[in-house]
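Biologist: I am new to this structure. Could you show it to me and take me through the main points?

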Amino acid sequence: MSLEGKRIGFGITASHCTYEEVFPQLEKLMELKAEVVPVVTYTVQNTDTKFGKAADHIKKIETITGKKVIDNMPDAEPLGPEYPLDCMVIAPLTGNSMSKFANAQTDSPVLMAAKATMRNGRPVVLGISTNDALGLNGVNLMRLMATKLIYFIPFGQDNPYKKPNSLVAKMDLLSDTVEEALQFNQLQPVIVPHMQQSMIE
């Protein structure tokens, strides 16, 4: 399926260490001629880290997409009734936002956009990046995996020996996952090796 002309929401949450993997996927969607609507959480807007300044991240997102980011709840809500999306992506999706989404807590523009998209019967694609997906957050991961209209970018353990509960999506499979999700299919296999790593590290 071609993504040309498809209106795709792109939600970004505060897994700052994953941005270098995500921004190229934003660029790829633009190259595929999708219309990308960027949405960010409050933490993305306001938090500077060793991985970069918030203002620089916002500027880069807006430069890639050619659109001002949606950064508040009132602007995110119309993505349901007035300006519907064909698909909503959240990548990276932190464990915190994953937990909230799985328990119907809508307290950020990104989660509001996802809720609005599901209300319209359209797919939501999740690219997880969390240190506790195989820990306390595991129940939330499974709840979302079993939920209609939710699809996952294939994921795996990024550091199984030092961070055994951590799972991160293979972000380079983002556009392929979106193509399948638009046909209401899950790209398979959904659990994949994230990277090769020796037990002796």
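Modeller: The accessible surface of the chain is about 9,400 Å², and carbon and sulfur atoms account for 52% of that; the areas come from the Shrake-Rupley method with a 1.4 Å probe. This is a predicted model, in which local features need pLDDT of at least 70, side-chain atom pairs count only at pLDDT 80 or more, and totals for chains, interfaces and linings use all residues. Residues are numbered from 1 along each chain as its sequence is written, and side-chain values use heavy atoms, with hydrogens and water left out.

Biologist: What percentage of the residues in the chain is buried?

Modeller: Buried residues, meaning those under 20% relative accessible area (1.4 Å probe, protein chains only), make up 51% of the 201 residues.

Biologist: And which secondary structure does the chain have?

Modeller: The chain has eight helices and seven strands, taken as DSSP runs (helices H or I, at least four residues; strands E, at least two). Its radius of gyration is 16 Å, close to the 17 Å of the globule rule for 201 residues, so the chain is as compact as a globular protein of that length. That radius is taken over C-alpha atoms, and the rule is 2.2 Å times the number of residues to the power 0.38.

Biologist: Turning to helices H5 and H6, at what angle do their axes cross?

Modeller: The axes of H5 (residues 95–102) and H6 (residues 109–119) cross at roughly 40° and come within 11 Å. Axes are lines fitted to C-alpha atoms over the stretch in contact, with angles from 0 to 180 degrees between N-to-C directions.

Biologist: Which residues make the contact?

Modeller: Ser97, Lys100 and Phe101 of H5 meet Leu111, Ala114 and Met118 of H6, where contact means heavy atoms within 4.5 Å.

Key
Buried means under 20% relative accessible area, exposed over 50%, partly exposed in between (1.4 Å probe, protein chains only).
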